[in-house]
Amino acid sequence: MDQNNVVRNNLWTTIIELFGLVLITKYARLSIMYLCECAQYGNVAKFFQLLSSYIVSTLIVLLYVKYGERRNITSMGFSTSGWMKSYMQGAIMGILLISCVAFLSAIFGEIEYNSINKSFSLMPFMAALLLSIINIREEVIFRGWFLTTPYSTENPIRAIVVGSVIFGVIHLGNANVTALSILNLMLFSVLLSEIFLIFKNIWIVAAIHTMWNFTQGKILGLPISGIQANVSLFDFDIVPNSLTEGFGLEANIFTLIILIIAVIITTKKIVYLYR
């Protein structure tokens, strides 16, 4: 068989597997949430409902790798040494990235500070932080699994592009989605993919993604990819008719600028590593 056909077949097989993992973990999570909702035991049950749904959806991918592909989970970047340091490094990077976007958005009138949230409560806030840390399904799939498949290891640059396009596609159904928001999500995926390939570490990219979302939603009180946060420290208002309206910071031009700068920096490193 022609080598190009082998690569092409590997690509389409890998894409099918990728969509399969996305759908299976998504509906597993939704199924658990539905079953727990039937109990209707209040906020505590809601917390454990989300916790279990996030854990199970991630475990599905890990079990598939271990028993379906018969390879070690550490191959997905789950380093056991220095993982806390790696996570903290990623958390700082995620906070800095989204803070730069928020600062520019405030300066140029996309968002405006209103007040500290009067209904803020520490316990729900800490619970939201724990859930955010646990919810790493997308990173486990798109970075930990996809970028360590045979196709991706043979074609890392192409895999970054393919994976990032698909990452954008799966968010097309989000509320108030725009062309710019999808472009920004694709660039965000490119950045995380390149960082993963540079460090070979899932903890860093998981922390970047977690703190990007957590700072945006739970600290600033802004929508996260079209999903409105229900617990936040501060109350920022989105200026009506701005690009940020509805979808959140990922829909504005400042996110595009910050991500392009970050991607240029990481791309230089990737080109050096894989030239």
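Let me start with a contact. Arg143 and Glu139 form a salt bridge through their side chains, 2.7 Å from N to O. For a salt bridge, a side-chain nitrogen of Lys or Arg must lie within 4 Å of a carboxyl oxygen of Asp or Glu.

Now the ground rules. This is a predicted model, where local features need pLDDT of at least 70 and side-chain atom pairs pLDDT 80 or more, while totals for chains, interfaces and linings use all residues. Residues are numbered from 1 along each chain as its sequence is written, and side-chain values use heavy atoms, without hydrogens and water.

Back to Arg143. Arg143 and Glu139 sit 4 residues apart in helix H5, residues 137-145, about one turn of the helix. Helices here are DSSP runs (H or I, at least four residues), numbered from the N terminus. Buried or exposed? Arg143 counts as buried, at 0% relative accessibility. Glu139 is buried too, at 1%. The cut-offs: buried is under 20% relative accessible area, exposed is over 50%, partly exposed is in between, with a 1.4 Å probe and protein chains only.

How many salt bridges are there? The count is 2. Arg71 and Glu69 make a salt bridge, 2.7 Å from N to O. Glu69 is partly exposed, at 25% relative accessibility.

Next, Arg143 and a ring. Arg143 lies over the face of Phe167, 5.3 Å from the ring centre. The rule there: NZ of Lys or CZ of Arg within 6 Å of the ring centre and within 35 degrees of the ring normal. Lys26 has its charged end over the ring of Tyr27, 5.8 Å from the centre.

On to ring pairs. The structure holds 9 aromatic pairs. One of them is Phe142 with Phe167, edge-to-face, at 5.3 Å centre to centre and 90° between the planes. Phe142 is in helix H5 and Phe167 in helix H7 (residues 156-169), so the pair ties together parts 25 residues apart in sequence. Pairing takes Phe, Tyr or Trp ring centres (six-membered ring for Trp) within 6.5 Å; planes over 60 degrees apart are edge-to-face, under 30 stacked, the rest tilted. Phe142 is buried, at 2%. Phe167 is buried, at 1%. Phe78, Trp83 and Trp203 form one aromatic cluster.

Terms used:
Helix = DSSP H or I, 4+ residues; strand = E, 2+ residues; numbered from the N terminus.
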